[in-house]
Amino acid sequence: MKIKKALKLKQSGKLLGAQIWKNPNDMQQWFIMINKKNGKSFMLVDEDENVIVDQNLNELIKTLSKIGLKQAEMFF
């Protein structure tokens, strides 16, 4: 799911929350899963459809803040 779509879902009340997971292909990286109220989950991607991954959790938290989320579950 692209950031712009996640922002629209948050604004319309259709976004349930987010989770931050370790990247199974590179345990030094993390990625974000966006959860819709209908039970579906999507990886957060950039405008080029690349999954957003980062070693720095602070950068991912900034991304979640841009969407309007104030909390997320973390799995490691």
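Val 53 is partly exposed, with a relative accessible area of 32%; on this scale buried means under 20%, exposed over 50% and partly exposed in between (1.4 Å probe, protein chains only). Val 53 belongs to strand S4, residues 53-54. Strands (E, at least two residues) and helices (H or I, at least four) are DSSP runs, numbered from the N terminus. Together with Met 43 and Val 51, Val 53 forms a nonpolar surface patch whose accessible area is about 210 Å². Patches take residues with over 30% relative accessible area and no salt bridge, joining like charges within 9 Å and nonpolar side chains (Val, Leu, Ile, Met, Phe, Trp, Tyr) within 5 Å. The areas come from the Shrake-Rupley method with a 1.4 Å probe, and for residues only the protein chains shown count as cover.

The model is predicted: local features need pLDDT of at least 70, side-chain atom pairs count only at pLDDT 80 or more, and totals for chains, interfaces and linings use all residues. Residues are numbered from 1 along each chain as its sequence is written, and side-chain values use heavy atoms, with hydrogens and water left out.

**Nonpolar core**

The largest nonpolar core has 15 residues, and those with the most contacts inside it are Ile 32, Ile 34, Leu 44, Leu 64, Ile 67 and Leu 69. At least two residues of this core come from each of helix H1 (3-12), strand S1 (15-23), strand S2 (26-36) and H2. Such a core is a set of buried Ala, Val, Leu, Ile, Met, Phe, Trp, Tyr and Cys residues joined through side-chain atoms within 4.5 Å.

Ile 34 is found in strand S2 and counts as buried because its relative accessibility is 0%. Leaving aside residues up to four places away in sequence, Ile 34 touches residues including Met 1, Leu 15, Phe 42, Leu 44, Leu 64, Ile 67 and Leu 69; contact means heavy atoms within 4.5 Å. The C-alpha atoms of Ile 34 and Ile 20 are separated by 9.0 Å, the two residues being 14 residues apart along the chain.

Thr 63 lies in helix H2, which spans residues 57-67. Thr 63 has 14% relative accessibility and therefore counts as buried. Beyond four places in sequence, Thr 63 touches Ile 3, Ile 32 and Leu 44.

Lys 10, in helix H1, is partly exposed at a relative accessible area of 34%. With residues up to four places away excluded, Lys 10 touches Leu 15, Ile 67, Gly 68 and Leu 69. The C-alpha atoms of Lys 10 and Leu 69 are 7.9 Å apart, although the residues are 59 apart in sequence.

**Aromatic pair**

How is a pair of aromatic rings described? The description uses the distance of the centres and the angle of the planes. The structure holds one aromatic pair. Trp 21 and Phe 75 form this stacked pair, at 4.3 Å centre to centre and 15° between the planes. Rings of Phe, Tyr and Trp (its six-membered ring) pair if their centres lie within 6.5 Å; planes under 30 degrees apart count as stacked, over 60 as edge-to-face and the rest as tilted. Because Trp 21 lies in strand S1 and Phe 75 in strand S5 (residues 73-75), the pair ties together parts that are 54 residues apart in sequence. Trp 21 is partly exposed, with a relative accessible area of 32%, and Phe 75 is partly exposed as well, at 29%.

**Salt bridges**

A salt bridge is a side-chain nitrogen of Lys or Arg within 4 Å of a carboxyl oxygen of Asp or Glu. By this rule there are two salt bridges.

| Salt bridge | N to O distance |
|---|---|
| Glu 49 and Lys 2 | 3.5 Å |
| Lys 62 and Glu 59 | 3.3 Å |

Glu 49 lies in the loop between strand S3 (41-43) and S4 and Lys 2 in the segment before H1, so their pair ties together parts that are 47 residues apart in sequence. Glu 49 is exposed, with a relative accessible area of 53%, whereas Lys 2 is partly exposed at 29%. Glu 49 also has a positive phi of about 70° although it is not a glycine.

Lys 62 and Glu 59 both lie in helix H2, three residues apart, about one turn of the helix. Lys 62 counts as partly exposed at 48% relative accessibility, and Glu 59 counts as partly exposed at 32%.
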